[in-house]
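Q: I have a new model open and would like to learn how to read its features. Could you walk me through a few of them?

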Amino acid sequence: MESSTSSTTVIEAKEELHEPLIDLEGFLKGDEAATVNAAKLIREACTTHGLFQVINHGVDPDILNATEVGLYPFFNLPMSRKVSIHKKVDELRGYSNIAHADRFSDMLTFKEMINTLEYHFKGETDSEVADYFKNVVGDDFVETGWVFQKFCEAMRNLSMKIFKLLAISLDFEDTFNCEKYFEDGFAFLRSFYYPVCSDSSTSSPPPHCDPTSLTILHQGQISRLEVFSNEKWYYVKPQPGALVINIGDSLMALTNGIYKSCLHRHVAISDKNRISFAYFINPRKDKLVSPIEELITREGSKKYSDFKWEDFSYFTQRIDRVDTTTIERFMKFLALSDTK
């Protein structure tokens, strides 16, 4: 596998992942057989590589289409306008023409990115994201802000359904376990713009696992997402109307390592401009991330130390970075901190 510490010219994967593609219609209608089958497919995917796609997920396709169309005008703005909301060092929100460029200039990738404000599941306002677009991006993006407000709300609702299925797939006695844990959580949305890039020498971002709990990716019909499984890279084929779901480090810790954090990368090469949106779901910042007792009992040992998401986030933003072994280094960091 390529080094996780430097950018590299990537040889694209030639084989499709077959991740699987899960139809949620039966589950959402309360069909028991369909629910059992969906849970089985999720368990197989999450114990192997940590990624699956869902269709008939209940998210209005007009919302998905509007998000993709809505940000092209922003990325087409003059650079002077875009950098006016530049992402500051160690902050999650704002615009960046190269992700993490301020701290890791050797890991440049051919893309632009804008982060919205955090979206809190039990926020004080029902216009959190819309207000960000109006107050920070500009009055000419008010309508776009409301599109993304609806998008975030739809992703929040879908994530609760996914957590329900995850609990069923883990055979919890209380299948509302995961939903209750995340009900007061939050998410942040990253919007990526990849211009046309046909040069195979252009560097791609290093492979990494998301430090968050769950990621919902809207990748459209142009994808360069690849996943590492069984010692090789596979490409993830876009499916009409589908959303990509992948497990992150924090959820891997919650499941005591039973479900795998998805090791993935995004290849820069593309013959068309493309936009994708990643919705990262987290527990409340001060909530303890601790392997679930029911799973520790089954496994016979506790594989991850307890931590708070705000501390893990601080580690990835200010001390280290996200790559293939971030959580392992974080565990060592915690152990050293405890001895001081």
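Q: Where is the place of P20?
A: Happy to start there, and please keep in mind that this is a predicted model. P20 sits in the segment before β1, the strand spanning 21–23.

Q: What joins E19 and P20?
A: First the general idea: most peptide bonds are trans, and most residues other than glycine have a negative phi. Here, a cis peptide bond links E19 to P20, with omega about 20 degrees. H18 is worth a look too: its phi is near 55 degrees, a positive value in a residue other than glycine. Like P20, H18 belongs to the segment before β1.

Q: Let's turn to helices. At roughly how many degrees do the axes of α3 and α7 cross?
A: In general, two packed helices are described by the angle between their axes and the distance between the axes. For α3 (residues 61–70) and α7 (residues 142–169), the axes cross at roughly 135 degrees and come within 9 Å. The two helices are therefore oblique to each other, and their crossing is left-handed.

Q: Which residues make that contact between α3 and α7?
A: From α3 come I63, L64, A66, T67 and G70, while α7 supplies T144, V147, F148, K150, F151 and M155.

Q: Is α11 roughly perpendicular or roughly parallel to α12?
A: The axes of α11 (residues 309–319) and α12 (residues 326–339) come within 11 Å and cross at roughly 105 degrees. Angles from 65 to 115 count as roughly perpendicular, so that is how α11 lies relative to α12. On the α11 side the contact involves D311, F312, F315, T316 and I319, which meet T326, I327, R329, F330 and F333 of α12. This set divides into six nonpolar, two polar and two charged residues.

Q: Last topic, pockets. Which residues line the second largest pocket?
A: A pocket can be read by its volume, its lining and the elements that supply the lining. The second largest pocket holds about 160 Å³ of space. Its lining consists of H57, V59, P61, L64, N65, E68, H218, G220, Q221, G241 and A242.

Methods:
Residues are numbered from 1 along each chain as its sequence is written. This is a predicted model: local features need pLDDT of at least 70, side-chain atom pairs count only at pLDDT 80 or more; totals for chains, interfaces and linings use all residues. Side-chain values use heavy atoms; hydrogens and water are left out. Axes are lines fitted to C-alpha atoms, for helices over the stretch in contact, and angles run from 0 to 180 degrees between N-to-C directions. Helices (H or I, at least four residues) and strands (E, at least two) are DSSP runs, numbered from the N terminus. Angles under 35 degrees count as roughly parallel, over 145 as roughly antiparallel, 65 to 115 as roughly perpendicular and the rest as oblique. A crossing is left-handed if the near helix is turned anticlockwise from the far one by less than a right angle, and right-handed if clockwise. Contact means heavy atoms within 4.5 Å. On a 1 Å grid over the protein atoms alone, a cavity is a set of points where a 1.4 Å probe fits but cannot get out, and a pocket is an open set with protein on both sides within 12 Å along at least five of seven lines; lining residues have an atom within 4 Å of a point. Grid points are joined across faces, edges and corners, and a volume is the space filled by probe spheres set on the points. Ala, Val, Leu, Ile, Met, Phe, Trp, Tyr, Cys and Pro count as nonpolar, Asp, Glu, Lys and Arg as charged, and the others, Gly among them, as polar.
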